[in-house]
Amino acid sequence: VTPQQIFEIHETAVKKGFYDNWKASPEDVLAKIALIHSEVSEILEAYRKETGSVKILEEFADVFIRCYDLLVALHDYHIVDHYDINLVILEKMRVNGMRQHKHGNLI
Ligand SMILES: [Mg+2]
């Protein structure tokens with residue numbers, strides 16, 4: 001997903017009213033994070049109920065969409081200084097590739 005598409009995801013959410021009266025207060029941000037949690041749980045439920053590949057993939061997509069959306073909102077309020085998350089993921093992949101087995105943890 002390109003930065004332009006990430007921006008469009010947020011733009012759609014704004015147009016659909018998901019940012020009406022949203023001011024990036026701690027409660028506003030926490031509510032958005034809670035909704036990301038709810039989408040993660042929907043992946044678990046889709047898997048648990050054996051709903052099949054399409055449903056599981058759709059729930060993954062919902063997680064990413066909500067994450068991208070929140071990133072742009074956080075950028076609008078200067079909480080993060082950019083939303084080119086691909087760059088950050090590539091850097092994290094590089095760093096993780098150098099870490100020890102299971103990153104030194106039991107699981
Ligand atoms: Mg969902």
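This briefing covers the fold, the metal site and the salt bridges of one protein. The model is predicted: local features need pLDDT of at least 70, side-chain atom pairs count only at pLDDT 80 or more, and totals for chains, interfaces and linings use all residues. Residues are numbered from 1 along each chain as its sequence is written, and side-chain values use heavy atoms, with hydrogens and water left out.

**Fold and surface**

- The protein has four helices and zero strands. Helices here are DSSP runs of H or I with at least four residues, strands are runs of E with at least two, and numbering starts at the N terminus.
- The C-alpha trace spans about 45 × 35 × 25 Å along its principal axes.
- Of the 107 residues, 22% are buried. Buried means under 20% relative accessible area, exposed means over 50%, and partly exposed lies in between (1.4 Å probe, protein chains only).
- Among contacts with a separation of 6 or more, 54% join residues 24 or more positions apart. A contact means heavy atoms within 4.5 Å.

**Magnesium site**

- The protein donors of the magnesium ion are Glu39 (OE), Glu42 (OE), Glu59 (OE) and Asp62 (OD), at 2.0 to 2.2 Å. Glu39 sits in helix α2 (residues 26–48) and Glu59 in helix α3 (residues 53–76), 20 residues apart, so this pair links distant parts of the chain.
- Donors are N, O and S atoms within 2.8 Å of the metal (3.2 Å for Na, K and Ca); water is not among the atoms, so sites may look incomplete.
- Along the chain, the donors follow the spacing E-x2-E-x16-E-x2-D.

**Salt bridges**

- The structure holds five salt bridges. Each is a side-chain nitrogen of Lys or Arg within 4 Å of a carboxyl oxygen of Asp or Glu.
- Glu39 also pairs with Arg66, their closest N and O atoms being 3.2 Å apart. This bridge links helix α2 to helix α3, across 27 residues. Arg66 is partly exposed at 26%.
- Glu59 also forms a salt bridge, with Lys55 (2.7 Å, N to O). Both lie in helix α3, four residues apart, which means about one helical turn separates them. Lys55 is partly exposed at 35%.
- Lys49 and Glu45 meet in a salt bridge of 3.3 Å, N to O. Lys49 is exposed at 54%, while Glu45 is partly exposed at 27%.
- Glu45, Arg48 and Lys49 are linked in a network of salt bridges.
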